[in-house]
Amino acid sequence: MYSFTPDPDQKKLRQEILEAVASLPGVYNGGTSGFDRERWTRLGAVGIPGLAIPEVYGGKGCNALSTTIALEALGYAHPDNGFNFSVAAHLLACVVPLWLYGSEELKTRYLPGLCNGSLIAANAMSEPSSGSDAFSMKTTAQTSDAGYSITGSKTFVSNGPIADVVLLYAATDPTQGFMGGISAFWVDRQFHTYARSEPLEKAGLHHSQLGSLFFEEMHIESKYMVGSEGRGAHLFNRSMEWERTCLGGLHIGNMHRLIDRCVRHLRAGFQQGWSREAHQMATYDLAIIQTQLEAVRLQAYVAAWKIDLGKPAGRESAMAKLAVSDLYQRATLRIANIYNECGVQDLDADQSVLDALSSTLYSGTSEMQKTIIAQSMGL
Ligand SMILES: Cc1cc2nc3c(=O)[nH]c(=O)nc-3n(C[C@H](O)[C@H](O)[C@H](O)COP(=O)(O)OP(=O)(O)OC[C@H]3O[C@@H](n4cnc5c(N)ncnc54)[C@H](O)[C@@H]3O)c2cc1C
C-alpha cells in the first residue's frame, strides 16, 4: 500500500539535498550559455547524479518514489532549472537504463563514475527527421568485424556537447523499426570517434547544454551494446517511464518555490496600491495553483509507486508528465504575471516561465502522452 507521508528515510534524503544545495556557491539561472562542471562534481559528492542506482554500484539506492522526492527537493532549493534538468536527464534517461539493462561489465565499469559526478551522460534518440516518430530513425548500426559500424546523426541531445558517454539508439534492422529493429549502444568518447556541435541557443534551460551528434562509420564493439540486439525500443520506453515520472519532481519543486516566494511577497504587502479585487484575483489564482500542484504531485508519486512495484507504468507516467508539464507552464506564467501586475520584475519567476516552455516537448510531447493515455483506454 502506498503511504502518502514521506517516510523517515525520504525526509532525511530531502533534508540532505536541501543542505547540500545551500552549501553551494551562488546560483545564477540567467545567461545564454555555460556549464559548471565543478557544480556537477559537488552534486555528485552527495549522490544526486546516481540517486536511483543501487549502493553496490556507487549510487544512493533510492527507488523511483524517493528519486522523485529527492528531485523535488533539488528543484525547490536549486533555482538553476537548466542545470537541474541536465542532471535529471543524465540520471533517468542514461544511468537508469544502463543499470536496468547493461551487462555486468558495463555496469561495474561506468556506474560508479556516473553516480559520483565524474562522468556525464547523454541520451541520443531524436534525429533531424524523427522526434515523436523516434523509431523511424535513420541512424543505422551495421554488423562489422566483432561489432557494429554506426552512421547517422542525432539532434536535441541534452548534455550532448559535454558528455563523456552517450546512450545511443540506432537501427540494427531498419525494416523492423519498433518491433525489434532498434538497439542501444554505450558510446565512450575516450574510445569511440564522433563529432558534436556547439551548444544550441535556446530561450530557457540555459545551463543545460543541448546539441547534435554526428556518427560516420563509427566502429563500436559488441560488448558496448546495452541489452540484447533489437531491445532498444523496450529499453527506451522503460527509461521514459522513469524520466516522465521522476523529472516532474524538479518542476514540482520549482513551482513550490515560486508559490512560497510569491506568498511571502504578498504577505509582506509588496502589492501596495492594488484594489481589493486585484488582490483577491491573485490569492484565488495562487490557491488554485496550490490545489493543482498537490494533485499533480500525487499523480507523479503514484506513477513512481507503480514503477517501484515492477509493473509497466506507461499510462501513469504519461498522465503524470502531461499534468505536471501543463501546470508548470500555466503556474509559472501566472506567478510571473502577479509580480508584473505589482510593477515588480521577479527574475526567478520570469526565467521559470522560459524554462517551462520546453517541458511539453522533451520526454515526448503532450500529444504523445495523450496518444499513450488514449491507447490505454482502448481508443
Ligand atoms: C529542451 C529539450 C531537451 C531535449 N533532450 C533530448 C535528449 O536528451 N535526447 C533526445 O533524444 N531528444 C531530446 N529532445 C528532443 C525531444 O524528445 C523532441 O523534441 C520531441 O520528441 C518532439 O520531436 P520533434 O521536435 O521532432 O517534433 P515533431 O515530432 O516533429 O512534432 C511536432 C509537433 O507535431 C506533433 N505531432 C507529431 N506527431 C504527432 C502525432 N502522431 N499525433 C499528434 N501530434 C503529433 C507534436 O506533438 C508536436 O507538437 C529534447 C527536446 C528539448 C526541447
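The model is a predicted one, and its C-alpha trace spans about 75 × 50 × 40 Å along the principal axes. The secondary structure comprises 10 helices and 8 strands. Of the 379 residues, 48% count as buried.

Among contacts with a separation of 6 or more, 78% come from residues 24 or more positions apart.

Attention can now turn to the ligand and the residues around it. The ligand is surrounded by 18 residues, and the closest of them are Gly-131, Ser-132, Ser-158, Thr-365 and Glu-367. Two elements, strand E1 (121-124) and strand E3 (147-158), each give two or more residues to this shell. Strand E3 gives the most, with 3 residues.

At the level of domains, the shell around the ligand takes at least three residues from domain 2 (122-230) and at least three from domain 3 (233-376). Sorted by class, the residues of the shell are 9 nonpolar, 8 polar and 1 charged. Glu-367, listed among the closest residues, belongs to the charged class. Gly-131, also listed among the closest, counts as polar in this scheme.

Technical notes. Residues are numbered from 1 along each chain as its sequence is written. This is a predicted model: local features need pLDDT of at least 70, side-chain atom pairs count only at pLDDT 80 or more; totals for chains, interfaces and linings use all residues. A residue is near a molecule or strand if its C-beta atom, placed from the backbone, lies within 6 Å of it. Helices (H or I, at least four residues) and strands (E, at least two) are DSSP runs, numbered from the N terminus. Domain bounds come from an automatic or database domain assignment. A residue is buried if 20 or more other C-beta atoms lie within 10 Å of its own, exposed if 12 or fewer, and partly exposed in between; C-beta atoms are placed from the backbone. Two residues are in contact if their C-beta atoms, placed from the backbone, lie within 7 Å.
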